[in-house]
Amino acid sequence: MTVDPNAATQSWPSPEPERRPNPARYLIPALVAAAVAVALGAYGKVHDPAGTAFNLAGFSSTGAVKSWLASAAFLFALVQLVSALMVYGKLPGPSWSSTLHRWSGRVAFLLAVPVAVHCLYALGFQSYESRVLWHSLLGCFFFGVFSAKMLLLRWERLPGWLLPIVGGLVFTALTILWLTSALWFFRTFGVTT
């Protein structure tokens, strides 16, 4: 058998080159995060604080309502952290870890929204002491980075490190928010309802 060197060779479909995502596409969530954080901060700064936005029956003050809602949100954020470690294989977990992660995040966010609305509407962005300034800054940052995380969840081919970093920022911001508000309230006024 002889081989004709001039014969046309069979062309095999060449594998598509692995396309690396353009890092500039991550600029969109970063810009959205910055816009949300700045918009909340600007609104909180220019808005004339109303003093109170809501109160729930059974609670002695709006501070108690906010502290308990924030504590519940923080508890669900802890569930988020543990379930994320299960989803990423860092901890053993059941097959429904991802469902637990999604739903605990939804509940944590829904609990945090009325707290944020009250903070923005009733108190505004304040800076009369360092604890309050950090709380105001991190409240704006939390909702900004949360917005970025929600955008990134819908994108394919993310680097494996990106979502855990952004999720870690969300968790860290919420933790410090809880420390500078609910824990401070409970230590100052006692664990009351």
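**Entry 1: ground rules.** I number residues from 1 along each chain as its sequence is written. For this predicted model, local features need pLDDT of at least 70, side-chain atom pairs count only at pLDDT 80 or more, and totals for chains, interfaces and linings use all residues; side-chain values use heavy atoms, with hydrogens and water left out.

**Entry 2: α2 and α3.** I looked up how α2 and α3 pack: the angle is about 155° and the axes are 8 Å apart. Axes are lines fitted to C-alpha atoms, for helices over the stretch in contact, and angles run from 0 to 180 degrees between N-to-C directions. Helices are DSSP runs (H or I, at least four residues), numbered from the N terminus. The two helices, α2 and α3, are therefore roughly antiparallel (angles over 145 degrees count as such). I noted a left-handed crossing for α2 and α3, meaning that the near helix is turned anticlockwise from the far one by less than a right angle. The contact of α2 with α3 holds 19 nonpolar, 9 polar and 2 charged residues. Here Ala, Val, Leu, Ile, Met, Phe, Trp, Tyr, Cys and Pro count as nonpolar, Asp, Glu, Lys and Arg as charged, and the others, Gly among them, as polar.

**Entry 3: α4 and α5.** Helix α4 (residues 130-153) packs on helix α5 (residues 162-189) at about 150°, with 9 Å between the axes. That makes α4 roughly antiparallel to α5. In the contact of α4 with α5 I find 17 nonpolar, 5 polar and 2 charged residues. The crossing of α4 and α5 is left-handed.

**Entry 4: largest pocket.** I read off a volume of about 930 Å³ for the largest pocket. A pocket is an open set of points on a 1 Å grid over the protein atoms alone, where a 1.4 Å probe fits, with protein on both sides within 12 Å along at least five of seven lines; lining residues have an atom within 4 Å of a point. Volume is the space filled by probe spheres set on the points, which are joined across faces, edges and corners. The lining has 29 residues, and Gln80, Ala84, His101, Lys149 and Leu153 lie nearest the centre. Helix α3 gives the largest share, 8 residues. By class I have 18 nonpolar, 6 polar and 5 charged residues in this lining.

**Entry 5: second largest pocket.** The second largest pocket has a volume of about 790 Å³. It is lined by 37 residues, with Lys66, Cys119, Leu123, His135 and Ser181 closest to its centre. Its largest share, 9 residues, comes from α5.

How values were computed:
Angles under 35 degrees count as roughly parallel, over 145 as roughly antiparallel, 65 to 115 as roughly perpendicular and the rest as oblique.
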